[in-house]
Amino acid sequence: MIVVDASAALRWFIPASATASTYPLPATDQPLVAPDLFLAEVRNTALVHIRKKELDREQAIAMVATIDKLMAGYFPMADVTEMAWSMALEFDHSVYDCYYIALARQLDTVLVSADQRMIRKFASTAIASRLIHSADWKP
């Protein structure tokens, strides 16, 4: 299994900036999973892009449906809440991000993310070996 966060999944469809490009859809036999927080994050970001007129409603619906099909499943946030909260306090980092990291730790796998700030934050920790930037992920 590979844990994927919302930033990585969204970069398959939406570039990070006007000069950036999207990342290719994953071509892997490994199941892609996430904490169920992912469902809200992807949909909320799609809504933000609709409001900014960067996506129309149909594009957003199609993007979310495709992401849902690519994902193999979701794990309840409650399963990793204590670990995520502990990490957030220890590293003074977003508990949202820590849910994804905690799930990767629990499953003994990696987290693919397009969140450069998070990857930089944990670069000098033992967690760094679990984090892969979307641009560097070669499934």
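Mentor: We'll go through the sheet, the helices, one tyrosine and the salt bridges.

Trainee: What should I know about the model before we start?

Mentor: It is a predicted model: local features need pLDDT of at least 70, side-chain atom pairs count only at pLDDT 80 or more, and totals for chains, interfaces and linings use all residues. Residues are numbered from 1 along each chain as its sequence is written, and side-chain values use heavy atoms, with hydrogens and water left out.

Trainee: Okay, the sheet. What is the strand order?

Mentor: The order is β3-β2-β1-β4-β5, five strands in an open sheet with parallel pairing. Strands here are DSSP runs of E, at least two residues, and helices are runs of H or I, at least four residues, numbered from the N terminus. Two strands pair if DSSP finds at least two bridges between them.

Trainee: Which strands sit at the edges?

Mentor: β3 (73–75) and β5, each pairing on one side only. On average, neighbouring strands of this sheet are turned by 35° against each other, direction ignored. Axes are lines fitted to C-alpha atoms, for helices over the stretch in contact, and angles run from 0 to 180 degrees between N-to-C directions.

Trainee: How many bridges join β1 and β4?

Mentor: Two bridges, in the parallel sense, with β1 covering residues 2–4. V3 has L111 in β4 as its bridge partner.

Trainee: And what does α2 touch on the sheet?

Mentor: α2 packs on β1, β2 (32–35) and β3, and its direction makes about 95° with that of β2. Contact means heavy atoms within 4.5 Å. α5 lies across β1, β2, β3, β4 and β5, running at about 125° to β2.

Trainee: There's a tyrosine in α5, Y99. Is Y99 buried or exposed?

Mentor: Y99 is buried, because its relative accessibility is 9%. The cut-offs are under 20% relative accessible area for buried, over 50% for exposed, and partly exposed in between (1.4 Å probe, protein chains only).

Trainee: What does Y99 touch?

Mentor: P35, L37, M77, V80, T81 and A84, not counting residues up to four places away in sequence. Y99 and P35 are 64 residues apart in sequence, yet 6.9 Å apart in space, C-alpha to C-alpha.

Trainee: Switching to α4. Which of its residues are buried?

Mentor: A84, M87, A88 and F91, in a helix that covers residues 81–91. They sit on the same side of α4, because they cover an arc of only 100° around the axis. That arc is taken from the directions from the helix axis to the C-beta atoms. These buried residues pack against α5 and α6.

Trainee: What's on the other face?

Mentor: The face turned away from the buried side carries the exposed residues E82, L89 and E90. After α4 comes D92, with a positive phi near 50°.

Trainee: Last topic. How many salt bridges are there?

Mentor: Two. The term means a side-chain nitrogen of Lys or Arg within 4 Å of a carboxyl oxygen of Asp or Glu. R43 pairs with D68, with the closest N and O atoms 2.4 Å apart. R43 lies in helix α2 and D68 in helix α3, so the pair ties together parts 25 residues apart in sequence.

Trainee: And the other one?

Mentor: R130 pairs with D108, the closest N and O atoms being 3.1 Å apart. R130 lies in the loop between α6 and β5 and D108 in the loop between α5 and β4, so parts 22 residues apart in sequence are tied together. R130 is partly exposed at 21% relative accessibility, while D108 is exposed at 60%.
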